[in-house]
Amino acid sequence: MRALLLPVKDLRDAKKRLADVLTPEERFGLAQAMLADTIRTVRGVCCAEKIFIVTNYPPALDIAKENGWAILREDRQISESHAVDFASRV
């Protein structure tokens, strides 16, 4: 099976490396825009038999439900690599 794994972290914690140049609100807005772009792109994927969102972030859970995507709920968010490893094991 060809699957697409989409790890989504809590956007309130995103883009911390930009803290010196962007306010928390600006970083959150940037992360929201990037997620929206990614969701639009994922919706257009034709070669994946199943799409999984790996997250515990409530808005991302809602996005998965709205699109009929499978949810792999994390107990806690450690890193993107950890999320992908977790999803791959499942």
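Reader: By class, how many residues in the lining of the largest pocket are nonpolar, polar and charged?
Author: The model is predicted. In this model, the largest pocket is lined by 23 residues. Sorted by class, the lining has three polar, eight charged and 12 nonpolar residues.

Reader: Which element gives the most to the lining of the largest pocket?
Author: The elements that give two or more residues to this lining are β1, α1 (24-43) and α3. Four residues come from the element that gives the most, and that element is α1.

Reader: Which lining residues lie nearest the centre of the largest pocket?
Author: The space in this pocket comes to about 650 Å³. Of the 23 residues that line the pocket, those nearest its centre are Pro7, Lys9, Ala14, Lys15 and Glu80.

Reader: What is the order of the strands in the open sheet?
Author: Each edge strand pairs on one side only, and the edge strands are β1 (3-7) and β3 (70-73). Strand β2 pairs with β1 over five bridges and with β3 over four bridges. The pairing is parallel, and the order is β1-β2-β3.

Reader: What does the twist average from one strand to the next?
Author: The sheet is open and has three strands. From one strand to the next, its twist averages 25 degrees.

Reader: Which residue in β3 is the bridge partner of Phe52?
Author: Strand β2 covers residues 50-55 and runs parallel to β3. Also in β2, Ile53 stands opposite Leu6. For Phe52, the bridge partner in β3 is Ala70.

Reader: At about what angle to β1 does helix α3 run?
Author: Helix α3 spans residues 80-89 and lies across β1, β2 and β3. Helix α3 is also among the elements that give two or more residues to the lining of the largest pocket. Its angle to β1 is about 145 degrees.

Notes: Residues numbered from 1 in each chain as written. Predicted model: local features only at pLDDT ≥ 70, side-chain atom pairs only at ≥ 80, totals over all residues. Heavy atoms only, no water. Pairing = 2+ DSSP bridges. Axes fitted to C-alpha atoms, helices over the stretch in contact; angles between N-to-C directions. Contact = heavy atoms within 4.5 Å. 1 Å grid on protein atoms, 1.4 Å probe; cavity = no way out; pocket = protein on both sides within 12 Å on 5 of 7 lines; lining within 4 Å. Points joined across faces, edges and corners; volume = space filled by probe spheres on them. Nonpolar A, V, L, I, M, F, W, Y, C, P; charged D, E, K, R; others polar.
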